[in-house]
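Visitor: I am new to this structure. Please take one part of it and go through that part closely, then show me what lies around it.

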Amino acid sequence: MNMFHYLFEYSAVDSNPLSVYVMHPFWNSVVKVMPRWLAPNLITFTGFMFLVFNFLMLSFYDYHFDASAEGYTHVPSWVWVTAGLFNFLAYTLDGVDGKQARRTNSSTPLGELFDHGLDSWACVFFVATVYSIFGRGPSGVGVATLYYILWVVLFSFILSHWEKYNTGILFLPWGYDISQVTISIVYIFTAMVGVETWYEPIWWNFHYRDLFTFMILGCSFTVTLPMSLYNVFKASRNNTLKHSSIYEAFLPFLSPVLLCLLSSVWVIFSPSGILQQQPRVFYLMVGTAFANVTCKLIVCQMSNTRCQPLSWLLVPMATVVLLAVTGLVANETLLIYVWTAIVILTHIHYGVSVVNQLSDHFNIFAFSLMKPSTD
């Protein structure tokens, strides 16, 4: 039995009825047929790669998010079927990895970091991929609108880890399970009926795109945000809040808010309209930078350390935005490609470095526990 099983306990609360009564029984059945030698982290990574593959696949068939509009060559039906299956597989593996870890007594902080770190990066992949269903045509969603929707999704994700940073307990958001099941069904349904179905209004001028937007915003502002604030308020009232001042409690939001402001300044004041020209790359840059900021918060809440006020990645990004909006770099497309590549490589380097440090720490700690006493 893994000795770290006794030293680490994953503290999370999942109260979503869909998750409790439907998905958890399903995941329990799935994990029973998995071989015990299958590493939980491999399950986590495989699920994440399904989402990355979906993103790359739709990038090939719908790079500029206009394939679903009238007059364009539509995405083949088999692509939607594949996207639906892969999205559900990713969701299933994300629900199974923790159960496999507990089943094999291999739960560690490294596994939690790996799981939630990849989840933070996955936000941009499933948002950008599902966007291709409606696209940016007359019956679709504008790229600027989706940009702000993406930020709602990203902040909804970080709320859960902000809760744990303040309360010590991860309250899993209801919106995640509902959205993943719905997205998987919509992919398959689109393959059956075609994207033309989404052209027609549901009622008067209310289109399916409006329902899509309403569901995301409604779930975030009427469920996720109120529940997060309530859980933190409850901990404060019970004197179990981990941080005594309001400043310390809300410190984790500083870097995400600054990231949002910097990227929005670029969008609003871009001389060439960079979001209109390169929406997919811009979304990827924002989502990856956000994942980097979130991972640092996850490390802090896992190690019970103080969140740093500013992520260093924002310093060079401020310079990049300044170069873009002032026109000092004439080719904004080249700039966004280079900066996105830098952000991705930086985030991968950070992830590998943290994993290596945690692995070394666990190996040293394990050796100290196994070393016979000389007393």
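Guide: The buried residues of helix 8 are Arg209, Phe212, Thr213, Ile216, Gly218, Cys219, Ser220, Thr224, Ser228, Asn231, Val232 and Ala235. This is a predicted model. Those buried residues pack against four elements: helix 5 (109-134), helix 6 (143-167), strand 2 (170-171) and helix 7 (174-193).

Helix 8 covers residues 208-237, which is 30 residues, and at 1.5 Å a residue it should span 44 Å. The C-alpha atoms at its ends are 42 Å apart, which agrees with that expectation. The helix does have a kink of about 35 degrees, centred on Ser220. Ser220 is also one of the buried residues listed above. Just after helix 8, Asn239 takes a positive phi of about 60 degrees.

Pro201 is in the loop between helix 7 and helix 8. Pro201 counts as partly exposed, because its relative accessibility is 35%. Leaving aside neighbours within four places in sequence, Pro201 is in contact with Phe206 and His207. Pro201 and Tyr176 are 25 residues apart in sequence, and their C-alpha atoms are 27 Å apart in space. Tyr176 itself belongs to an aromatic cluster, together with Phe26, Trp27, Phe88 and Tyr91.

The aromatic pairs come to 30. One of them is formed by Trp203 and Trp204, and this pair is stacked, with 4.6 Å from centre to centre and 10 degrees between the planes. Trp203 has 56% relative accessibility, so Trp203 counts as exposed. Trp204 counts as exposed too, because its relative accessibility is 68%. The rings of Phe250 and Phe253 have their centres 6.2 Å apart and their planes at 40 degrees, so that pair is tilted rather than stacked. Phe250 is partly exposed, with a relative accessible area of 41%, whereas Phe253 counts as buried at 14%.

Rings also take part in contacts with charged side chains. The charged end of Arg280 sits over the ring of Phe55, 5.2 Å from the ring centre. Lys296 lies over the face of Tyr350, and here the figure is 5.5 Å from the ring centre.

Next, the nonpolar cores. The largest nonpolar core has 80 residues, and the members that touch the most others are Phe125, Trp266, Phe282, Tyr283 and Met285. Helix 6 gives the most to this core, with 14 residues. Helix 6 is also among the elements that the buried residues of helix 8 pack against. Leaving out residues up to four places away in sequence, Phe282 touches Tyr147, Ser263, Trp266, Val267, Ile274, Leu275 and Ile336.

Leu93 lies in helix 4 (residues 77-103). Leu93 is buried, because its relative accessible area is 14% and the cut-off for buried is under 20%. Not counting residues up to four places away in sequence, Leu93 touches Met34, Ile43, Thr46, Gly47 and Phe50. Leu93 and Val299 are 206 residues apart along the chain, and 22 Å separates their C-alpha atoms.

Notes:
Residues are numbered from 1 along each chain as its sequence is written. This is a predicted model: local features need pLDDT of at least 70, side-chain atom pairs count only at pLDDT 80 or more; totals for chains, interfaces and linings use all residues. Side-chain values use heavy atoms; hydrogens and water are left out. Helices (H or I, at least four residues) and strands (E, at least two) are DSSP runs, numbered from the N terminus. The expected span of a helix is 1.5 Å times one less than its number of residues. The bend at a residue is the angle between axes fitted to the seven residues ending there and the seven starting there. Buried means under 20% relative accessible area, exposed over 50%, partly exposed in between (1.4 Å probe, protein chains only). Contact means heavy atoms within 4.5 Å. A nonpolar core is a set of buried Ala, Val, Leu, Ile, Met, Phe, Trp, Tyr and Cys residues joined through side-chain atoms within 4.5 Å. Rings of Phe, Tyr and Trp (its six-membered ring) pair if their centres lie within 6.5 Å; planes under 30 degrees apart count as stacked, over 60 as edge-to-face and the rest as tilted. A charge sits over a ring if NZ of Lys or CZ of Arg is within 6 Å of the ring centre and within 35 degrees of the ring normal.
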